[in-house]
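User: Hi! Could you walk me through this model, one question at a time?

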Amino acid sequence: MLNKKSLKDLLFNNVFVIMLVLALIMILITVLSTNIFFKKLYNSTIKQSVIALSRYFNDNFKYLDYYSVEYGKKVEKLLDEMYSVYTKGNFFSEYKRFKSEKLTEYPMIRDINYYIISKDGIIIQTDYQKDLNLNLAQRIPNYWKVLNTRLVKESKFIEKISFEIKTNYPRIYGYRLMDNGNIFEIGVLFDERAIPKFYKGIDSISFNFIEGIYSYNTSFIPYSSEYPLLDKEEKDIFNELDASKDFTQNFIVKELSNGKRVYIYLKWQPENGYPLVSLTKIILDFSDLVKTKNYIIFISLILIGLFVFIFTLYINYNALKVEKPLLKLIKDIENGKVEEIETNIIEIDTLIKYYSHLVSTLVKKLEEEENELINLKKKFEMIEKERDVLYDMALKDELTKFFNKKGSMKIFQRIISNKESFCVVYINLDNYNNVLERMGENVADDMIITLSEIIKKTIRDRDFVFRISEDEFLVLIRYVNLEISQKILKRLVDFVKKFNITTDKDYKISISYGLLEYKGQSVEKIYIEAKKKMEEMKEKKKELLRKLKNNKE
């Protein structure tokens, strides 16, 4: 049973559902578009921050390169002078004097240390006792290999500026190959004011949402005492990164508090063989950006909700405006009258105008149909009476309880005299004799009964079936033309096919048939013409079997 609704509910509910769906779509679009826009701004800010930092490092590198060259010359001079002192003998007393003079001469130098490194890479002599017996070949094998290669080619090598791990003071190392194959090394530690440390000036970078920028050396020591220390997780992040001059494509981002705070980790190393690496952490504060995004989404939701509410009130008002005159019209229809009223709604006024005409037409039509129904009922009653009389007059087949040929003749005469239209189907059970010979009378009778049941299931109550011989039936289909009879016959054939597919009996049913439409023939002619059509079909089937047999041979 259908769930009936009032016109108001139909108009209001449907429009409300549509508006609700549209509202949900608008909310989804608003949330997605806002998130996409702010995500682009978020990613752009991160990228621009990284680009700005990369540009800052590379722009300031020229100063580092300049001081590296200038102080490298002084270190080379000190290397030559100290090596000369070492080769003259009485080195320890002369070294103290030499060191004191040079520290006075060069106020930018904080300290000078010397080292004698064996061929195996072991520091065998130094005034910096913490490094004594240190095996460089094991501690820094790659650097030791590069150092030996350079000294074999040039006998003297001045390293670029690096920064001491613990203090971050600038330092330059000089090396010289001795006659005995050992290496003479000096390490010159400069005052931090001697070389501008652009790491400390990194705070000068100004960009949207940047909360802080902090730099550290490879031992995670901050370049400024004001910088926060790194925790274990941050150290692990830096260890995963590869050092590069251009780190715009190589950095790690960590989000906190649902994206309100972002940490960017980068590792910078200049070119030209500088033995230094800078670890940099950028902190971006997106809390204001996230608040703005949430405010926009919240305001959008309020506006969408307000729009849906106002539109719903408007639809409800119009639904009531339409419903009231329609309810009055329905009440008038129930009372069998229509009052001339003006609703100012064109469709409703037109409906009222033509209602009277519709009612009179329907009443007339109903009267005609009622008379036709009465006549049809009388006709069916007469058919039933005739059927009862014919049952008394006709003889029946003992096995199937169908009328036999003699009874069929009288039935045909009565139907023809009543001038009824009908069609007949002449049916022959092809394999009856074969089943009778091979399986016996009981199985053959069972096949006759089965076919009878299929025929009864196919036809209507007012139709007749006659068993006119052992393996032949005649079906009389009343009040039909040839087209309808063909459909009934097809249904019969389909039932036979279904039986043959699904049965577990020892036999299959094969029939030949002839369909004939009554066109004023005599009863004898009906039998002859219908049987002829059946025999034509039977012959075609035999011819087809012969062809199939010849093809197999």
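User: Does lysine 538 count as buried or exposed, and at what relative accessibility?

Analyst: Happy to start there, with two notes on conventions. This is a predicted model, where local features need pLDDT of at least 70 and side-chain atom pairs count only at pLDDT 80 or more, while totals for chains, interfaces and linings use all residues. Residues are numbered from 1 along each chain as its sequence is written, and side-chain values use heavy atoms, leaving out hydrogens and water. Buried means under 20% relative accessible area, exposed over 50% and partly exposed in between, with a 1.4 Å probe and protein chains only, so lysine 538 counts as buried, at 19%.

User: Which residue does lysine 538 meet in a salt bridge?

Analyst: A salt bridge here is a side-chain nitrogen of Lys or Arg within 4 Å of a carboxyl oxygen of Asp or Glu. For lysine 538 the N to O distance is 2.5 Å. The pair links distant parts of the chain, 108 residues apart: lysine 538 is in helix H13 (residues 523-552), its partner in the loop between strand S11 (422-429) and helix H10 (432-439). Helices (H or I, at least four residues) and strands (E, at least two) are DSSP runs, numbered from the N terminus; the partner is aspartate 430.

User: And is aspartate 430 buried, exposed or partly exposed?

Analyst: The relative accessibility of aspartate 430 is 26%.

User: How many residues apart in sequence are the parts tied together by arginine 467 and aspartate 397?

Analyst: These two side chains meet in a salt bridge at 3.3 Å, N to O. Arginine 467 lies in strand S12 (residues 464-469) and aspartate 397 in the loop between helix H8 (355-393) and helix H9 (405-417), so the pair ties together parts that are 70 residues apart.

User: Where do lysine 456 and glutamate 453 lie?

Analyst: Their salt bridge has its closest N and O atoms 3.5 Å apart. Lysine 456 counts as partly exposed at 40% relative accessibility, and glutamate 453 does too at 44%. The two are three residues apart, about one turn of the helix, and both lie in H11 (residues 441-458).

User: Which residue in S9 is the bridge partner of valine 253?

Analyst: S8 and strand S9 (residues 261-268) pair in the antiparallel sense over five bridges. In S9, the bridge partner of valine 253 is isoleucine 264.

Technical notes:
Two strands pair if DSSP finds at least two bridges between them.
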